[in-house]
Every structure is written in structure tokens, then in C-alpha cells.
Amino acid sequence: MASPTSSNAVGRADLSGYVSEHVLSTRAFVAPQLLGVIPTPEKEGDFSRIPSKASSQISIAPRAPRSAYAQIDFEVEGDSYKCEEYGVEIHVDDSEAAQYQSRFDLEAASSEIATNSLMVAAEKRTADLVENGFAANDVAEEWDDADNATPIDDVFKGREVVRDACGVYPDTLVLNPKHLTDLSVCNQIVDRVKHTNGQVSRGELDLSFFETLFQVERILVPFGRYNSANDGAAEVLTDIWPQEWAFLAVTNGGPSTLTPRVGAMFAWESDGGVMTVEQYRAERERSDVLRVRQHVDEKIFSTRFGYRLGNLVTTA
């Protein structure tokens, strides 16, 4: 394709499709899967969401002939969203591109690098929303105490708290990678299934095993990290989702806000959406500049749709 001028950035639908698929399929970052993406026609606006207390509080009597059907009535809570724009740019130098068999390969790799930086930021915003919005429910014994930890009891307690609050069980559990290591050697888990489950004796406890054990539809294990060091200091890579806590949540990947869900990631679809790629020419640098950007707002709807387990690791 002809290179655009510096004053005429053009959309790259091919790269936008590539990075959008990356956003929804990567395992390192889980914010879009946890919150669910809701495309919006406007940058900001109001919306209605159903209160958790109205989940199933209806009584339906048999309908008599020629009588009216029962009417379902429920209250809604008003809320609002405001999408903010985030973006980064990366240069695709002509001399570097000439070393690739296909220029698109370098463009795709460069777009993915830029996308990852945006995803780290979105992931951190989402993890902070959870940590700041949900009080930690500290477990009695840390999960890295293999002899005394009771993770099955801990998770099932959280399941019941969520069900008591909103009428449905949480379907998603967010765990730090360390939690899987600790759970795989925890006596409460191993002793329960070691004689009946071959996975235990072979040391092959995978996500499907834990999803069945904890009775959730899916377990998300984000392993993305960010540099928590001050500017100018040596790099310090830190887990975005800390080892100290895990999170149970009611989720819904659909577009409706009138269903039980812990929150949503609103995306202004007409101006960036979840992720889009644009390109313009920087002739002085003999480069094409790829701009990757998004217009999003991550929101928590209600703390009744989640439960944060705390004190999961022994502090030094």
C-alpha cells in the first residue's frame, strides 16, 4: 500500500483486526474477559443496570382463562460511563523493514508491542478497581501453607457470600500463577482426590481440574507484569494481579447491563473501540508510524457481584 503523509493518518483495518484478536485471546491479561466488552455509540452516556436484589424475586401464579399474564416488575439503577482515550506510537523504520521478508511481519510485531503496553495499563486499572472496591476477606491459613490451608472451604465460602448477595453463584475465579503452584500441593486438595484422580499422582493439575473442584465455569490466570519502579530507577517487574489475593466474580460477556455482572469495559466503537491501529508517514525518520489506541472505560457495577479473598501468601 502507498505510504500516507504525515498529515493524513489512515486506518489499518488489517492490523486493527490482528491486535483486536490478540486482546481477546491473550492469557496474560484478563480485563476484557473479566469485565466483558460493551461497544457504545457515544463517548459517554447514561445506562441502566439491574440491582442484584431484584434477581429472582417474583411470584407467578397459574393464569386463569381470559385473565392477564403475570407482570414482572423490577427497579433499575442509573449509572454512567465516560470513555477515555489511551494510545501509543511506534516507528517502523524502512531499513529495519527491509530485513524482513514481508513488511507486514514487522508491522504486526510492532503493533503487538504497542498493544501490550496499552493492555498492561488497562489491566492495572482493572486490578486496582477490584483491590480498591472490594474489601479483602482474609483466609485463616495462607494457601502456601500446604499442611493447614483450606482453599476449598475458602472459595466455597466466597461462593455462598456472592449467592446470598445477588442470587447467583460466581462463574469466574481469578488466580495469580503462584496460587496454582500452591494449590497443586495443598493437602486439603491432594488428600481429597489422590486415590481417585490420576492427575494428582502424575502431578498434572490443570485449570479444568480446579474449575471442577471450585465449581466455576472458568479460572483466569493473568501473568502480566508491570514496571513498578520510579522513573529512572532500575526496573522492578511486579505482578499486576498480586499474589496476596484472588477474586471470585459474576461475569457476562454479552452487551446487556441489565443482567448480573461485576462490571463492564465500555468501548467507544466509532473512535478507537477496544483497540485500533492507524498509520502515518514520518519522512524525516524514514519511517512509518503506527499509532495503536483505544477509547474505553472500565467500571465496577456492584460489589455484590464479587468476593476478594485475601491473605493468600505468607509475608516475609
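The model is predicted, and local features were taken at pLDDT of at least 70 and side-chain atom pairs at pLDDT 80 or more, whereas totals for chains, interfaces and linings use all residues. Residues are numbered from 1 along each chain as its sequence is written, and side-chain values use heavy atoms, with hydrogens and water left out.

The protein chain contains nine helices and 15 strands, where helices (H or I, at least four residues) and strands (E, at least two) are DSSP runs numbered from the N terminus. Its C-alpha atoms fill a box of roughly 70 × 65 × 35 Å along the principal axes. Of the 316 residues, 46% count as buried; buried denotes under 20% relative accessible area, exposed over 50%, and partly exposed the range in between, with a 1.4 Å probe and protein chains only. The chain exposes about 16300 Å², of which carbon and sulfur atoms supply 48%; areas come from the Shrake-Rupley method with a 1.4 Å probe, and for residues only the protein chains shown count as cover. Among contacts (heavy atoms within 4.5 Å) between residues at least 6 apart in sequence, 79% join residues at least 24 apart.

The largest nonpolar core has 66 residues, and those touching the most other members are Trp143, Ile189, Phe210, Phe214, Trp241 and Phe247. Helix 4 (residues 103-133) provides the largest share of this core, seven residues. Apart from it lies another core of eight residues, including Tyr81, Cys83, Ala264 and Trp268. A nonpolar core is a set of buried Ala, Val, Leu, Ile, Met, Phe, Trp, Tyr and Cys residues joined through side-chain atoms within 4.5 Å. Neighbours within four places in sequence aside, Phe247 is in contact with Leu34, Val130, Phe134, Thr172, Leu173, Val174, Val262, Gly306, Tyr307 and Arg308.

In helix 9, the buried residues are Phe209, Phe210, Glu211, Leu213 and Phe214. Gln215 follows just after this helix and takes a positive phi of about 55 degrees. Gln215 belongs to the loop between helix 9 (207-214) and strand 8 (218-220), and is partly exposed at a relative accessible area of 46%. Arg286 also has a positive phi, near 50 degrees, and is found in the loop between strand 13 (276-282) and strand 14 (287-300). Most residues other than glycine have a negative phi.

Leu258 lies in the loop between strand 11 (246-249) and strand 12 (263-268), and its relative accessible area of 39% makes it partly exposed.

The count of salt bridges is 23, each defined as a side-chain nitrogen of Lys or Arg within 4 Å of a carboxyl oxygen of Asp or Glu. One of them pairs Lys299 with Asp79, with the closest N and O atoms 3.5 Å apart. This pair links distant parts of the chain, Lys299 being in strand 14 and Asp79 in strand 4 (residues 77-82), 220 residues apart. Lys299 is buried at 18%, and Asp79 is buried at 16%. Asp288 counts as buried at 2% relative accessibility and forms salt bridges with Arg103 (closest N and O atoms 3.0 Å apart) and with Arg281 (3.0 Å). Arg281 is buried at 10%, whereas Arg103 is partly exposed at 30%. Salt bridges that share partners join Arg12, Asp14, Asp94, Arg103, Glu107, Arg281, Glu283, Arg286 and Asp288 into one network.

Glu89, in strand 5 (residues 84-93), is partly exposed with a relative accessible area of 42%. Its side chain makes polar contacts with the side chains of Tyr280 at 2.9 Å and Arg291 at 3.0 Å. A polar contact is a pair of N or O atoms within 3.5 Å; within protein, one must be able to donate a hydrogen and the other to accept it, and residues adjacent in sequence count only if both atoms are side-chain atoms. Ser110 lies in helix 4 and is buried at 5% relative accessibility. The Ser110 side chain reaches the backbone oxygen of Leu106 at 2.8 Å. Residues up to four places away in sequence not counted, Ser110 touches Ile90, Val92 and Leu290, while Glu89 touches Tyr280, Val289, Leu290 and Arg291.
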